[in-house]
Amino acid sequence: MSSSTAANQVRASHILIKHQGSRRKASWKDPEGRLISATTRDSAVSQLKLLRDDIISGKAKFNDVASRYSDCSSAKRGGDLGPFGRGQMQRPFEDATYNLKVGEISDIVDTDSGVHIIMRTG
């Protein structure tokens, strides 16, 4: 990868909570999608806010929470998505990530996949 490509990339980890409005109602921890199909957006947001509060307060580490609660397959890497550039993620996710400073954690971000909190790591 060229240095100009690398310079335009960010790196992030996230925690995704899927809900009945998510485009794909299955995950590594709910392969049949039964829980996801029964989860409202509001309850997904509530759960994510509690998890975010635990991380911000220092009660929990982002990567531990992601490994345990995220509906994304990146959970096995503590939520790490690796480096990505513009146009590679859903727009709200991308915009939120680029607006964070390294080490910052986003508020709730809505995408077609579900609701997320994002930590910019690079």
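Tutor: Start with burial: a residue is buried under 20% relative accessible area, exposed over 50%, and partly exposed in between (1.4 Å probe, protein chains only). The model is predicted, so local features need pLDDT of at least 70 and side-chain atom pairs 80 or more, while totals for chains, interfaces and linings use all residues. Residues are numbered from 1 along each chain as its sequence is written, and side-chain values use heavy atoms, with hydrogens and water left out.

Student: Why is β1 described as largely enclosed by the rest of the structure?

Tutor: Count its residues. Seven of the eight residues of β1 are buried, so the strand is largely enclosed. Strands here are DSSP runs of E, at least two residues, and helices are runs of H or I, at least four, numbered from the N terminus. For β4, seven of the seven residues are buried, so β4 is also largely enclosed by the rest of the structure.

Student: In what order do the strands of the open sheet stand?

Tutor: First the general idea. Strands of a sheet pair through backbone hydrogen bonds, either parallel or antiparallel. Two strands count as paired if DSSP finds at least two bridges between them. Here the open sheet has four strands in the order β2-β1-β4-β3, with antiparallel pairing. Its edge strands are β2 and β3 (109-111), each pairing on one side only. From one strand to the next, the twist averages 40 degrees. That angle is taken between N-to-C directions, on a scale of 0 to 180 degrees, with axes fitted to C-alpha atoms (for helices, over the stretch in contact).

Student: Over how many bridges do β1 and β4 pair?

Tutor: Six, in the antiparallel sense. Look for Ala12: its bridge partner in β4 is Arg120. Then find Ser13, whose partner in β4 is Met119. In β2, the bridge partner of Ser13 is Asp80. β1 and β2 pair over three bridges, antiparallel.

Student: How many residues lie between β3 and β4 in their hairpin?

Tutor: Two residues lie between them. β3 and β4 (residues 114-120) pair antiparallel over three bridges. Val109 stands opposite His116 in β4. Asp110 stands opposite Val115.

Student: Which residue forms a salt bridge with Asp80?

Tutor: A salt bridge needs a side-chain nitrogen of Lys or Arg within 4 Å of a carboxyl oxygen of Asp or Glu. Asp80 meets Arg11, with the closest N and O atoms 2.5 Å apart. Asp80 lies in β2 (residues 80-84) and Arg11 in β1 (residues 10-17), so the pair ties together parts that are 69 residues apart in sequence. Asp80 is buried at 16% relative accessibility. Arg11 is partly exposed, at 34%.

Student: How many salt bridges does a search of the whole structure find?

Tutor: Nine. Among them is Asp54 with Lys59, at 3.8 Å from N to O. Asp54 is partly exposed at 28%. Lys59 is exposed at 69%.

Student: Which residues are linked in a network of salt bridges?

Tutor: Arg86, Arg91, Glu94 and Asp95. Within that group, take Arg86 and Asp95, whose side chains meet at 3.4 Å, N to O. Arg86 has 48% relative accessibility and counts as partly exposed. Asp95, at 27%, is partly exposed. Asp95 lies in helix α5 (residues 91-99). Now trace from Asp95 to Val109: their C-alpha atoms are separated by 9.7 Å, with the residues 14 apart along the chain.

Student: What is the volume of the largest pocket?

Tutor: Rolling a probe the size of a water molecule over the atoms shows where empty space is left. A pocket is an open set of points on a 1 Å grid over the protein atoms alone, where a 1.4 Å probe fits, with protein on both sides within 12 Å along at least five of seven lines. Its volume is the space filled by probe spheres set on the points, which are joined across faces, edges and corners. The largest pocket here has about 270 Å³.

Student: Which residues of the lining lie nearest the centre of the largest pocket?

Tutor: His14, Leu16, Arg23, Cys72 and Ser113, out of 18 lining residues. Lining means having an atom within 4 Å of a point. The lining divides into seven nonpolar, seven polar and four charged residues. Nonpolar covers Ala, Val, Leu, Ile, Met, Phe, Trp, Tyr, Cys and Pro; charged covers Asp, Glu, Lys and Arg; the others, Gly among them, are polar.
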